[in-house]
Amino acid sequence: MADAEITPVTEWPEWSVNPDGGDPLTQDLNAPYDKGDLCWLLVCTILCWQITPAIGFLYAGMHRRKAALTMVLQSLFCSCACGIQYWIYGYSLYQSRTTNPILGDLSLGVFRNVLAQPSLANSDIPDILYAAFGFTFVSATAMILAGAMLERGRLFPSMIFLLCWTTFVYYILAYWEWNPSGWLYNLGLYDFAGSGPVHIASGFSALAWSMMLGPRLSPDDDATTGKSRKKAVHYKPHSPLLMCIGTCFIWFGWFAFNGGSTANLSIRSIYVVVNTNLAACGGGMTWVGLDWIYKRKFSLVGFCSGIIAGLVGITPAAGYVPVYFAALVGALTAITSFYAVRYKHLLGVDDGLDIFALHGVGGFMGDLLTGLFADRAIPALDGVSGASYDGGWYNRNFRQLGLQLAGALTCAAWSFFVSCILLFIINKIPGLHIRASEEHELRGLDHKYLEDVDFDDDPYFGHSRDCLCMSNVSNGVVPRSAGTGTNSQRQASAPVTDGEEEAKRD
């Protein structure tokens, strides 16, 4: 049988006529695409994937040892379960070719009709490639939020909540901002790589989750009356090294997270990578400088916090602001997040991993700074946008800051209140109460859920090494020294209350 002649596609058919873009048996569907663009985004997709387990390593290092591995498990869950969900209906909810301003449909479910047609994000790449890239965003965002369960949230309800959250928060906000029919997109909001759906949404949802769970128990709490639950307890990371390794991999992956968001390989892509690096540098140096001012010591915890804050701040701005503002964006975001951490006790919420301060407050600040420093010439570096952007205050487009504020407030409000509703409903379902029992919390979630953990000594206190958490080390609180034996370990693990923390600062 003679081979069929393969002809290159020269013009894409209407999506309603042929959503696949053509017949791969008789047509070369690769012909219209630049191989450099395809290679760039595919490599960025692969590099972005490791951000999710890297967040698991970061959180595991920041936890007490007795609950650290549960965070690694959560990172694998987010990578797998969110990936299946994304394939079944998630991608379709925010990238379907619909005309309503609120939400997509299921026309792209299980990646049906997702193949060679140009993507909505950029006609330079096929739909299937952008779909692969988008998966890494939702899994990383879910993992950022997962840290809010912090040593006292039950594992199975948290998994259900994360899947519900991505459905009713992430995909809806992503449609609003990234789909050409979304109302925030048409309003003119600038959000280059996902401050709203990623950072603001996860940060404010983490605040809601922390509030609904309540503060952690300490070993000295009265198990029957819970008298010591009124204030959050503070502990030091059990593995600063693991925390730093996680941060480094997040920084590494964020080059691809932001750089791939141009959806083509261009000077703008390179510019975005430079901006991302400078913002992380500015954030890290600023935070560690503030640490030195307050306590005359450097802090690995503070350095990691500053780097993350810088990456968060530049996420919406990387493809819009000139390179000489990038480090300033990172520094200003780090300053805002630093003081949000320092005075978080005023909220009375046990957000021990500072997700709200770093991602919620930091993402909000990043959106506003984008409105200030955006330059209309930077998007044009992709070779496609031209003069379609008006810039921000830097170009005397004073309206843009108001749009950025409106978008940030919308994402914050939607994510916070929808998260509260979801958590309330899940908590009322028999068998799905969100808070772990006092015994399992004190013993450790690893002991409850993982067969890999084998405690050789007292499971309640033998491996906890309880001290101060990430934020409070940055604020200059000194951990108590560890003793020997069960009784002294329990005494050493006594938490530092907010009042004692204030006294130490004074």
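This is a predicted model: local features need pLDDT of at least 70, side-chain atom pairs count only at pLDDT 80 or more; totals for chains, interfaces and linings use all residues.
Start by selecting A132: at 28% relative accessibility this residue counts as partly exposed, a class that sits between buried (under 20% relative accessible area) and exposed (over 50%), worked out with a 1.4 Å probe on protein chains only. A132 is found in helix α4. Helices here are DSSP runs of H or I with at least four residues, strands are runs of E with at least two, and both are numbered from the N terminus.

Residues are numbered from 1 along each chain as its sequence is written, and side-chain values use heavy atoms, with hydrogens and water left out.

**Zoom out to the chain**

Show the whole protein chain as a cartoon and you will have 18 helices and two strands in view. Of its 506 residues, 59% count as buried. Contact means heavy atoms within 4.5 Å. Among contacts with a separation of 6 or more, 74% are between residues 24 or more positions apart.

F156 lies in helix α5 and, at 51% relative accessibility, counts as exposed.

**Next stop: the largest pocket**

Pockets and cavities are both found on a 1 Å grid over the protein atoms alone: a cavity is a set of points where a 1.4 Å probe fits but cannot get out, a pocket is an open set with protein on both sides within 12 Å along at least five of seven lines, and lining residues have an atom within 4 Å of a point. Grid points are joined across faces, edges and corners, and a volume is the space filled by probe spheres set on the points.

The largest pocket holds about 870 Å³ of space. To centre your view, select A121, W178, Y185, Y320 and Y389, which are the closest to its centre among the 37 lining residues. Then colour α3 (65-95), α4 (127-146), α5 (155-178), α6 (183-187) and α13 (399-428), the elements that give two or more residues to this lining. Which element gives the most to the lining of the largest pocket? It is α4, with four residues.

**Then the enclosed spaces**

The model has four cavities of 30 Å³ or more. The largest cavity contains about 130 Å³ of space. Its lining has 15 residues, and L58, I144, I250, I308 and H359 lie nearest its centre. Elements giving two or more residues to this lining are α2 (51-62), α8 (240-259), α10 (300-314) and α12 (355-373), with α2 giving the most, four residues. By class, the lining has 13 nonpolar, two polar and no charged residues.

Move on to the second largest cavity, with a volume of about 50 Å³. Select L207, K344, L347, V349, D351, D354, F356 and A357 to show its lining, which divides into five nonpolar, no polar and three charged residues.

**Two loop residues**

Select H63, in the loop between α2 and α3. Is H63 buried or exposed? H63 is buried, with a relative accessible area of 1%. Beyond residues up to four places away in sequence, H63 touches A68, M71, L150, E151, P237, H238 and L353.

T98 is in the loop between α3 and α4 and counts as buried at 15% relative accessibility. Show side chains here: that of T98 makes a polar contact with that of Y175 at 2.8 Å. A polar contact is a pair of N or O atoms within 3.5 Å; within protein, one must be able to donate a hydrogen and the other to accept it, and residues adjacent in sequence count only if both atoms are side-chain atoms.

**Last stop: the cysteines**

With a disulfide taken as a pair of cysteine sulfur atoms within 2.5 Å, the count is zero. Select C244 and C304: C244 is in no disulfide, and its nearest cysteine sulfur, that of C304, is 3.8 Å away. C244 is buried, with a relative accessible area of 17%, whereas C281 is partly exposed at 32%.

Conventions
Ala, Val, Leu, Ile, Met, Phe, Trp, Tyr, Cys and Pro count as nonpolar, Asp, Glu, Lys and Arg as charged, and the others, Gly among them, as polar.
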